[in-house]
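These are my notebook entries on a single chain. I recorded what I looked up, entry by entry.

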Amino acid sequence: TEGNTMETIYYNTRKATAYIASPILRITGFRFSKDYRHGKTAFHRIVYAIVSTPIANSIADGIR
């Protein structure tokens, strides 16, 4: 179904941006806080919509 395809594309896009962001996180030591997941501000919500922050943090920490 189309809904599942669009969800898959959205998830894969967020995952890809996490892989792109993770080297920067590793170098700088920055990690996404839970504020991004909780959508504390509009900025946090936008970043979380674009980047899978838990995956980015895991990759930066060498877990994935």
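**Entry 1**

Helices here are DSSP runs of H or I with at least four residues, strands are runs of E with at least two, and both are numbered from the N terminus. The model is a predicted one, in which local features need pLDDT of at least 70 and side-chain atom pairs count only at pLDDT 80 or more, while totals for chains, interfaces and linings use all residues. Residues are numbered from 1 along each chain as its sequence is written, and side-chain values use heavy atoms, with hydrogens and water left out.

Is T53 buried or exposed? I noted T53 as buried, because its relative accessibility is 2%.

I then listed the contacts of T53, a contact being heavy atoms within 4.5 Å. Not counting residues up to four places away in sequence, T53 touches R14, F32, Y36, V47 and Y48. I checked V47 from its own side, with the same exclusion of residues up to four places away: V47 touches F32, Y36 and T53.

How many residues of α4 are buried? The count is 7 of the 8, so α4 is largely enclosed by the rest of the structure. I wrote them down as T53, I55, A56, N57, S58, I59 and A60. After α4 comes G62, with a positive phi near 80°.

**Entry 2: The whole chain**

I counted 4 helices and 0 strands in the chain, which gives the pattern α-α-α-α along the sequence. The C-alpha trace spans about 40 × 25 × 15 Å along its principal axes. Of the 64 residues, 31% count as buried.

I also looked at contact separation. Among contacts with a separation of 6 or more, 65% are between residues 24 or more positions apart.

The accessible surface of the chain is about 4,500 Å², and 62% of this belongs to carbon and sulfur atoms. Areas come from the Shrake-Rupley method with a 1.4 Å probe, and for residues only the protein chains shown count as cover.

**Entry 3: The nonpolar core**

Which residues form the largest nonpolar core? I recorded 10 residues: A18, L25, F32, Y36, V47, V51, I55, A56, I59 and A60. Both α1 (2–28) and α4 supply at least two residues of this core. The largest share, 4 residues, comes from α4. Such a core is a set of buried Ala, Val, Leu, Ile, Met, Phe, Trp, Tyr and Cys residues joined through side-chain atoms within 4.5 Å.

I returned to α4 for A60, which is buried with a relative accessible area of 4%. Leaving aside neighbours within four places in sequence, A60 is in contact with S22, L25, R26 and R31. A60 and L25 are 35 residues apart along the chain, and their C-alpha atoms are separated by 5.9 Å.

I then looked up I27, which lies in helix α1. I27 is exposed, with a relative accessible area of 74%. From I27 to I55 I noted 28 residues in sequence and 16 Å in space, C-alpha to C-alpha.

**Entry 4: Salt bridges**

Side chains of opposite charge can pair when their charged atoms come close. I took a salt bridge as a side-chain nitrogen of Lys or Arg within 4 Å of a carboxyl oxygen of Asp or Glu. By this rule I counted 2 salt bridges.

R31 counts as partly exposed because its relative accessibility is 27%. D61 likewise counts as partly exposed, at 47% relative accessibility.

D35 forms a salt bridge with K40, and their closest N and O atoms are 4.0 Å apart. I noted D35 as partly exposed at 29% relative accessibility, and K40 as exposed at 60%.

Technical notes:
Buried < 20%, exposed > 50% of the residue type's maximum accessible area, 1.4 Å probe, protein only.
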